[in-house]
Amino acid sequence: MEPFRHHIFVCTQEKPEGVTNCPANRSWQLLSALESEVISQGLDNEVQLSTCGCLGLCDEGPILIAYPDGVWYRKVQPAAVPEIVSSHLRDGKVVARLAWTDAAAMKAMSAEHRDHFRAMMKARDKAGILPDDVNEMIRGFMSSRAVLTALELDIFSAVGSNGSSADQVAQKIHADARATEMLLNVLVSLKLLEKNAGIFRNTPLSARFFAEGSPDNARPAMLHSVNLWDRWSTLTDAVHSGTSVASRTRDQQSVISFIAAMDRNAKERATAVVKAVGANANGIHRMLDLGGGSGAYSIAFARAIPDLHSQIMDLAEVVPLAQGHILRAGLADRITTRVGDMLRDPFGENYDLILVSAICHMFSAEENRALFQRAYRALAPGGRFVVQDFILEPDKTAPRFAALFSLNMLVGTRGGSSYSEPEYTTWFRDAGFSDIRRLRLPGPASLMLGTRA
Ligand SMILES: C[S@@+](CC[C@H](N)C(=O)[O-])C[C@H]1O[C@@H](n2cnc3c(N)ncnc32)[C@H](O)[C@@H]1O
Ligand code: FES
């Protein structure tokens with residue numbers, strides 16, 4: 001039994017540059033054209049679209065296979081999609097001019113490809129050649145650095161909405177023309193720009209997320225990663241010394257991009273966090289948001305709970321940024337701010353909810369242990385302490401993002417790290433909390449909750 005009337009496979013096997021493959025012949029564009037056409041012809045619930053790996057017919061790509069009919073189409077370009085969808089998928093008539101029916105030739109080509117591939121892998125192994133994916137991992141910094149430099153120089157804004165030559169971009173950003181062109185060419189290869197007759201244009205993605213004037217411009221937040229780059233360059237020394245060796249003094253511009261980055265993440269997650277904490281259902285009236293950053297979580301909780309009053313405690317350089325967000329949200333009467341150091345300054349008392357989101361990783365285990373104890377004392381009976389962070393599995397090797405984030409804290413803090421669920425549980429328990437729970441949310445961070453008896 002088939003759950004769908006048709007199941008379509010499109011080969012999207014990536015291969016090293018210079019090796020023929022379906023994506024180089026526009027198979028991703030084919031897939032996206034298929035998706036749009038299937039929807040527009042009302043066949044969304046009858047056709048399932050999937051990608052598949054190499055079928056050994058790369059010279060004839062892109063390859064599209066339609067099951068249950070077992071029809072193999074070759075050299076399918078996006079322009080052929082409306083016909084394939086209406087004729088084959090809607091009316092059941094195979095598009096004969098694109099279908100490849102010579103099964104013997106297909107099998108021979110596929111077998112030859114397989115034998116060639118196996119022989120090549122054997123020869124590489126014998127010669128002791130480093131696997132391509134390992135090579136790529138080691139050189140991953142090159143693409144990353146190219147994009148960071150493009151963001152730093154605001155290249156995508158300089159390219160503008162009508163496109164520009166390399167010389168024009170170089171003039172706008174006051175940079176060398178030859179070097180600018182080299183960078184622009186790389187951005188084309190990374191699919192962040194397009195190039196036609198010497199004119200560079202933003203792709204829809206870069207125009208939306210990286211160019212000035214777009215409401216979704218993520219550049220201010222992404223500039224935080226430019227700062228992280230500098231810190232990560234000190235990783236070797238940090239591993240030697242066991243702590244951050246990078247300068248930790250922050251200029252106001254880096255504080256702005258840090259808080260912009262935090263705000264972007266927080267806005268994406270805040271609704272799910274409010275829902276997971278169950279704020280609507282339970283009487284929460286007084287909240288303390290330690291290290292509240294842009295205020296995005298306090299704002300989300302205040303919007304969900306009409307009589308909530310939240311206080312944000314953060315450092316002096318961050319509080320004015322939070323105040324700006326709170327004012328723009330129209331919540332200045334219910335969200336207040338306080339300059340303070342959460343490791344030293346008193347928290348106050350009688351809170352129904354204390355939130356520490358993306359905080360514990362900045363501190364050492366001992367600092368967290370003390371923080372949990374002070375949070376317990378600052379809560380009203382029945383009050384909840386909610387921690388959001390990148391939580392490691394007990395052996396600390398996964399998830400990879402949380403493990404990498406530990407290094408991010410090594411290079412950036414005195415004693416910070418990602419911590420495991422057992423570590424958090426111990427701090428909750430030792431502070432006196434009961435009903436200790438972990439709540440997994442989509443994305444890299446999870447919540448841990450405890451209740452004051
Ligand atoms: C990673 S951000 C998290 C911001 C926010 N909670 C969120 O999840 O979006 C950490 C925040 O803690 C603040 N912070 C760092 N050390 C602090 C301290 N000792 N006392 C108060 N705030 C601190 C930082 O200024 C920053 O706003
Ligand atoms: S890459 Fe698509 S068939 Fe080989």
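How many residues surround ligand 1, and which are the closest? I put this to the model, which is a predicted one, and found that 19 residues surround the ligand, with Gly 291, Asp 314, Asp 341, Met 342 and Ser 357 as the closest.

I then sorted the shell by residue class, and noted that the residues around ligand 1 divide into 11 nonpolar, five polar and three charged. When I looked up which element contributes, I saw that helix 12, spanning residues 252-277, gives the most to this shell, with four residues.

Next I went through the polar contacts of the ligand. For nitrogen atoms of ligand 1, I recorded a polar side-chain atom of Asp 341 at 2.8 Å from one, and a polar backbone atom of Met 342 at 2.9 Å from one. For an oxygen atom of ligand 1, I recorded a polar side-chain atom of Ser 357 at 2.6 Å. I also noted the cover on the ligand: of the 590 Å² of accessible area that ligand 1 has on its own, the protein covers 93%.

Going back to helix 12, I picked out Ala 261, which lies in that helix.

As a last entry I took a distance along the model: the C-alpha atoms of Ala 261 and Val 94 are separated by 51 Å, and the two residues are 167 residues apart along the chain.

Conventions: Residues numbered from 1 in each chain as written. Chains lettered and ligands numbered in written order. Predicted model: local features only at pLDDT ≥ 70, side-chain atom pairs only at ≥ 80, totals over all residues. Heavy atoms only, no water. Near = heavy atom within 4 Å. Polar contact = N/O pair within 3.5 Å; in protein donor to acceptor, adjacent residues only side chain to side chain. Areas by Shrake-Rupley, 256 points an atom, 1.4 Å probe, with all protein chains shown as cover. Helix = DSSP H or I, 4+ residues; strand = E, 2+ residues; numbered from the N terminus. Nonpolar A, V, L, I, M, F, W, Y, C, P; charged D, E, K, R; others polar.
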